[in-house]
Amino acid sequence: MTFTSGGFLPKLMSHVWLGGIYLKEEGGYELVLRALHHYKKRLRNIRKSPEIKDAPMFAQIIEQEAMKSYKQAESIIAKINDGLQNSESLKALEPDISVIEKALTCYQSDISKINSDAFYSELITDKNSAEQDLDKIKPALEKINSYC
């Protein structure tokens, strides 16, 4: 609280999400879109996932949650595409940061497992592009979470 001649007023703390700048001005949208498309593919194939094979009784619950996340990813892809035309609409992505993070982390994890399991190798068809993306994901996660 700040004291002014009229009494106490809450101090306004405004912050600007730098993730929108990263997406539009720095070309981060390309990586994020690839990660989101991969995430959707991963969610569609969740039942075949090596992690689920060991927990069949939870598979149905996991699939239901995956379909919710799938719809969120579709919505975010549409928002990013709209944001490329109108920078103001990129602000609508700020509440979706956690889903973008999940998509990037999932993509990163699956890329690192390409050579260890056929499941991941089948999910990621363009391995050269994916390997180039691997080094870009950590800085992307940092920028997506940046504020000033």
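A pocket here is an open set of grid points with protein on both sides within 12 Å along at least five of seven lines, and its lining residues have an atom within 4 Å of a point. The model shown in every panel is predicted.

**Figure 1. Lining of the largest pocket.** The largest pocket is lined by Val 16, Trp 17, Gly 20, Ile 21, Lys 24, Glu 25, Ser 87, Glu 88, Leu 90 and Lys 91. Its volume is about 220 Å³. Four of the lining residues are nonpolar, two are polar and four are charged.

**Figure 2. Lining of the second largest pocket.** The second largest pocket holds about 160 Å³. Around this pocket stand Arg 34, His 37, His 38, Lys 41, Tyr 107, Leu 123, Ile 124, Thr 125, Asp 126, Ser 129 and Ala 130. Helix 2 (28-44) and helix 7 (127-144) each contribute at least two residues to the lining. Helix 2 gives the most, with four residues. By class, the lining of the second largest pocket splits into four nonpolar, four polar and three charged residues.

**Figure 3. Crossing of helix 2 and helix 5.** Two packed helices are described by the angle between their axes and the distance between the axes. For helix 2 and helix 5 (residues 97-112), the axes come within 8 Å and cross at roughly 75°. Angles of 65 to 115 degrees count as roughly perpendicular, so helix 2 is roughly perpendicular to helix 5.

**Figure 4. Residues at the contact of helix 2 with helix 5.** From helix 2 come Leu 31, Val 32, Arg 34, Ala 35, Leu 36, His 38, Tyr 39 and Arg 42. They meet Val 99, Ile 100, Lys 102, Ala 103, Leu 104, Cys 106, Tyr 107 and Asp 110 in helix 5. The residues of this contact divide into 11 nonpolar, one polar and four charged. Among the contact residues are Arg 34, His 38 and Tyr 107. Arg 34, His 38 and Tyr 107 also line the second largest pocket.

**Figure 5. Setting of the close-ups in the chain.** Seven helices and two strands make up the elements of the chain. Their order from the N terminus is β-β-α-α-α-α-α-α-α. The radius of gyration is 19 Å, well over the 15 Å that the globule rule gives for 148 residues, so the chain is more spread out than a compact globule. The C-alpha trace spans about 70 × 35 × 25 Å along its principal axes.

Technical notes: Residues numbered from 1 in each chain as written. Predicted model: local features only at pLDDT ≥ 70, side-chain atom pairs only at ≥ 80, totals over all residues. Heavy atoms only, no water. 1 Å grid on protein atoms, 1.4 Å probe; cavity = no way out; pocket = protein on both sides within 12 Å on 5 of 7 lines; lining within 4 Å. Points joined across faces, edges and corners; volume = space filled by probe spheres on them. Nonpolar A, V, L, I, M, F, W, Y, C, P; charged D, E, K, R; others polar. Axes fitted to C-alpha atoms, helices over the stretch in contact; angles between N-to-C directions. Parallel < 35°, antiparallel > 145°, perpendicular 65-115°, else oblique. Contact = heavy atoms within 4.5 Å. Rg over C-alpha atoms; globule rule 2.2 N^0.38 Å.
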